[in-house]
Amino acid sequence: MDSQKEALQRIISTLANKNDEIQNFIDTLNHTLKGVQENSSNILSELDEEFDSLYSILDDVKESMISTIKQEQVRKSQELQSQLRQCNSALENSEELLEFATRSLDIKEPEEFSKAARQIKDRVTMASAFRLSLKPKVSDNMTHLMVDFSQERQMLQTLKFLPVPKAPEIDPVECLVADNSVTVAWRMPEEDNKIDHFIMEYRKTNFDGLPRVKDERCWEVIDNIKGTEYTLSGLKFDSKYMNFRVRACNKAVAGDYSDPVTLETKALNFSLDNSSSHLNLKVEDSCVEWDPTGGKGQESKIKGKENKGSVHVTSLKKHTSGTPSPKRTSVGSRPPAVRGSRDRFTGESYTVLGDTAIENGQHYWEVKAQKDCKSYSVGVAYKTLGKFDQLGKTNTSWCVHVNSWLQNTFAAKHNNKVKALDVPVPEKIGVFCDFDGGQLSFYDAHSKQLLYSFKTKFTQPVVPGFMVWCGGLSLSTGMQVPSAVRTLQKSENGMTGSTSSLNN
């Protein structure tokens, strides 16, 4: 019966996953269909605009040519009309002179005849008809303004759609996820020397497999990539996966996207748990700051409540004797506690915990203190750490402690035992927790120099823990274990022997 139920549960899980996969594919098809309709409409509009632009250019050229022909017509007409007026005037004068000469032949008296002959001779000498050119100044030929658009027609007939680059192919084997950087590599299915650059798009997601159309995050764009690989660095891995896709571009147009690739980017992400922090700590998601005035009003209310009954007073007495507080639920899942409740750290335990428990695997985060911070601790603790307990002073917490009040000290602390560290305090401390391997190591976050390493066996889930007094701390989470730290872990066994006095 039990085995059948287990088999049925597996079938149900498989069917649910397949249904989810099919639904995502249906969403993708609907999104693609909508994209085809929208893009086709856009392309048709662009095509109309391009042809309208051609028509406009042709109309402008036609108007210009018509204007040129008309101007030439006017010029030649004016020249010929001017010449025609001159010829008509000359002809009129010549005919009048001819008539005068003909009448002079009938003159009988010699003296008058001689006078008329001299006048005729003088007028003939000055007549415009004899100085007039009888050749047209312009011809009626207009062939110099004829056109032949046969080549242009052939060119227009060769109009076609732009050549589009093929979709690149991302090579998952060549892609690398390390040190909070992602390198994506791709290649073209065939050589294309007209490609000018590539565009890479990426987005974070918590879904494995193909990208979801209804994913909550938008694609980020990296443009003008000249090579066939690109590295995104300095990322915060606050999602389980990242989707990547690439398209090639020539001088005119971008091609299709490559098939998307999903790369795993899991890392420990946590915030500070404000619900259980000390009242003198001002806590935000990734920052904690000492606040000496914090909680004074609440403390008076708590004291008033404590005086009303003996049950709460008894529980406080148990804590002052060093007994841990009652076992709490998972840090990441419990509801927010009321200010001043038993879960809140109090007394001299200026402590705040992370809101996510570590139950397995290797994890890494970094902590940076304010320059004027007088005292702080960084480490891990079991979730059962009592509200009066200080980090490193119980067998349920491990930490490094920095103190610059009165005297400067830097030490590793566990179970109320202290190991002074003869190394400079770094600007930022890296914390490496190998839960399964029972190891907690502290590093200079910049140089990756090992500061100290605890070797133990974690019997319960642990949470990041922080103590701060007169100053503040800021966290960096969503980080992979750095490659340098992984390398150092292989050679660290020889260095942990000196820490045996603090290990369980």
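The model is predicted, so local features need pLDDT of at least 70 and side-chain atom pairs count only at pLDDT 80 or more, while totals for chains, interfaces and linings use all residues. Residues are numbered from 1 along each chain as its sequence is written, and side-chain values use heavy atoms, with hydrogens and water left out.

The term stands for a side-chain nitrogen of Lys or Arg within 4 Å of a carboxyl oxygen of Asp or Glu. One of them joins the side chains of Asp196 and Lys251, at 3.3 Å from N to O. This pair links distant parts of the chain, 55 residues apart: Asp196 lies in the loop between strand 3 (181-187) and strand 4 (197-205), and Lys251 in the loop between strand 7 (241-249) and strand 8 (254-257). Strands (E, at least two residues) and helices (H or I, at least four) are DSSP runs, numbered from the N terminus. Asp196 is partly exposed, at 24% relative accessibility, whereas Lys251 is exposed, at 74%. Here buried means under 20% relative accessible area, exposed over 50%, and partly exposed in between (1.4 Å probe, protein chains only).

The side chains of Glu201 and Arg245 form a salt bridge of 2.8 Å, N to O, bringing together strand 4, which holds Glu201, and strand 7, which holds Arg245, 44 residues apart. Glu201 is buried, at 8% relative accessibility. Asp238 and Lys204 meet in another salt bridge, at 3.0 Å from N to O. Lys204 belongs to strand 4, and Asp238, 34 residues apart from Lys204, to the loop between strand 6 (229-232) and strand 7. Lys204 counts as buried at 18%, while Asp238 is partly exposed at 34%. Elsewhere, Glu169, Asp171 and Arg187 are linked in a network of salt bridges.

Glu46, Asp48, Glu49, Glu50 and Asp52 form a negative patch; patch residues have over 30% relative accessible area and no salt bridge, with like charges joined within 9 Å and nonpolar side chains (Val, Leu, Ile, Met, Phe, Trp, Tyr) within 5 Å. Glu49 sits in helix 1 (residues 2-104) and is exposed, with a relative accessible area of 54%.

Turning to the cysteines, the count of disulfides is zero, a disulfide being a pair of cysteine sulfur atoms within 2.5 Å. Cys87 is partly exposed at 24% relative accessibility, whereas Cys399 is buried at 0%.

Technical notes:
Accessible areas come from the Shrake-Rupley method with a 1.4 Å probe; for residues, only the protein chains shown count as cover. Lys and Arg count as positive and Asp and Glu as negative; His and the chain ends are not counted. The place of a charge is taken as NZ of Lys, CZ of Arg, CG of Asp or CD of Glu.
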